Amino acid sequence: MAKLPPCDWRQELRQAVRSAAQLLSLLDLPEEMIGGFEPSGLDFPVFAPRSYISRMERGNPQDPLLLQVLPRPEETRVEPGFAADAVGDLAAERSPGLIHKYAGRALLITTGACAIHCRYCFRRHFPYENAPRSIADWEPALEVLRQDQSVEEIILSGGDPWTLVDESLAALVRELATIPHLRRLRIHTRLPIVIPQRVTDDLIAATTGSRLTPVVVVHANHAQELDGDVELALLKLSQAGCVMLNQAVLLKGVNDSVPALANLSRRLIECRVTPYYLHQLDRVQGAAHFEVPLERGQVLVDKLRPLLPGYMVPRYVQEIAGENSKRGL
């Protein structure tokens with residue numbers, strides 16, 4: 001198997017682009033694209049690694065990767081029906097950092113750090129400063145999990161759990177593996193898509209080295225994100241025994257067409273990743289301009305079915321705060 005080119009993923013994070021002006025300059029696009037809007041005052045700043053930016057088309061203001069990370073004036077508008085906690089995370093918090101919404105599985109907010117700031121992020125307003133930051137801090141959440149034998153799957157989320165250093169990740173997984181009724185470890189991450197060099201032997205060892213069955217859920221919205229290096233990273237995870245799934249979000253101007261969605265599914269399968277969910281946009285403040293009407297989404301998925309094998313058609317779902325499962329659409 002081919003190897004990923006050498007790269008220090010932490011250096012990639014340190015060198016990430018942190019301003020809209022710099023991002024546009026790298027892509028030979030005019031600052032006028034943001035229309036006098038000053039995004040530096042946003043509480044959710046620009047953050048995009050150069051490895052991800054390198055997959056964008058220079059000179060194209062409608063590039064589907066650019067649109068995911070470039071702030072727009074619409075983010076500052078207050079839209080009816082859009083909220084800071086769009087999916088009811090805070091109401092479902094049983095202990096700091098431990099969210100329990102659905103039967104049989106619970107979620108740990110492992111960090112507030114991400115490898116990229118997606119403008120539609122449903123946790124862009126989450127109070128990460130209150131989340132645990134060490135194994136000692138995690139003890140109350142771990143104790144809740146020890147006492148609740150109904151939980152058999154633990155989900156590591158954030159932020160992005162793979163921004164944790166390998167030693168911290170491995171220590172947390174070891175603690176979780178001591179809880180007898182836990183059976184599966186699920187990782188929600190965008191890092192293999194954004195900085196594929198993060199997928200190292202040490203990371204894989206930390207993820208797969210316990211008795212827990214590893215499930216890795218990545219997040220790609222467009223086939224253009226899945227270049228050769230990303231494919232190598234995803235294949236490496238698959239060959240290490242991880243169940244590989246993808247969650248995409250239906251985004252206006254990014255992937256709201258039959259060709260875009262079909263090509264994403266085809267490319268994911270080439271990378272040994274199952275197209276799992278296509279999410280209706282979570283109605284978080286600042287993301288209304290990405291919303292695609294439900295009826296339009298249903299038409300798109302219906303048109304995918306005769307084009308693709310059933311296993312390549314993602315489930316179209318929506319998360320509603322307070323409901324006990326995601327709603328099929």
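Is E75 buried or exposed? Select E75 to begin: its relative accessibility is 7%, so E75 counts as buried (buried is under 20% relative accessible area, exposed over 50%, and partly exposed in between, with a 1.4 Å probe and protein chains only).

The model is predicted, so local features need pLDDT of at least 70 and side-chain atom pairs count only at pLDDT 80 or more, while totals for chains, interfaces and linings use all residues. Residues are numbered from 1 along each chain as its sequence is written, and side-chain values use heavy atoms, with hydrogens and water left out.

**Stop 1: E75 and R124**

E75 is in the loop between α4 (66-69) and β1 (93-95), and R124 is in the loop between β3 (105-109) and α5 (135-147), so the pair ties together parts 49 residues apart in sequence. Helices (H or I, at least four residues) and strands (E, at least two) are DSSP runs, numbered from the N terminus. R124 is also buried, with a relative accessible area of 8%.

**Stop 2: R94 and D148**

Next, select R94 and D148, whose side chains meet in a salt bridge of 2.7 Å, N to O. This pair links distant parts of the chain, 54 residues apart: R94 belongs to strand β1, and D148 to the loop between α5 and β4 (153-157). R94 is partly exposed at 42% relative accessible area, whereas D148 is buried at 15%.

**Stop 3: E152 and R184**

Move to E152, which forms a salt bridge with R184; their closest N and O atoms are 3.0 Å apart. E152 lies in the loop between α5 and β4, R184 in strand β5 (residues 184-189), and the two are 32 residues apart. Both are partly exposed, E152 with a relative accessible area of 29% and R184 with 24%.

For a network, select D89, K101, R123, E319 and K326, which are joined by salt bridges that share partners. The whole structure holds 26 salt bridges.

**Stop 4: helices α5 and α6**

Show α5 and helix α6 (residues 166-177). Their axes come within 11 Å and cross at roughly 25° (axes are lines fitted to C-alpha atoms, for helices over the stretch in contact, and angles run from 0 to 180 degrees between N-to-C directions). The two helices are therefore roughly parallel to each other (angles under 35 degrees count as roughly parallel, over 145 as roughly antiparallel, 65 to 115 as roughly perpendicular and the rest as oblique).

Which residues make the contact? On α5 they are I135, W138, L142, L145 and R146, and on α6 they are A171, L172, E175 and L176 (contact means heavy atoms within 4.5 Å).

**Stop 5: D166**

Stay on helix α6 and select D166. D166 is buried, with a relative accessible area of 16%. Leaving aside neighbours within four places in sequence, D166 is in contact with R198, T200, D202, L203 and A206.

**Stop 6: R305**

Finish at R305, in the loop between α11 (294-304) and β9 (315-318). R305 is partly exposed, with a relative accessible area of 48%. Select Q285 as well: R305 and Q285 are 20 residues apart in sequence, and their C-alpha atoms are 32 Å apart in space.

Note on methods
A salt bridge is a side-chain nitrogen of Lys or Arg within 4 Å of a carboxyl oxygen of Asp or Glu.
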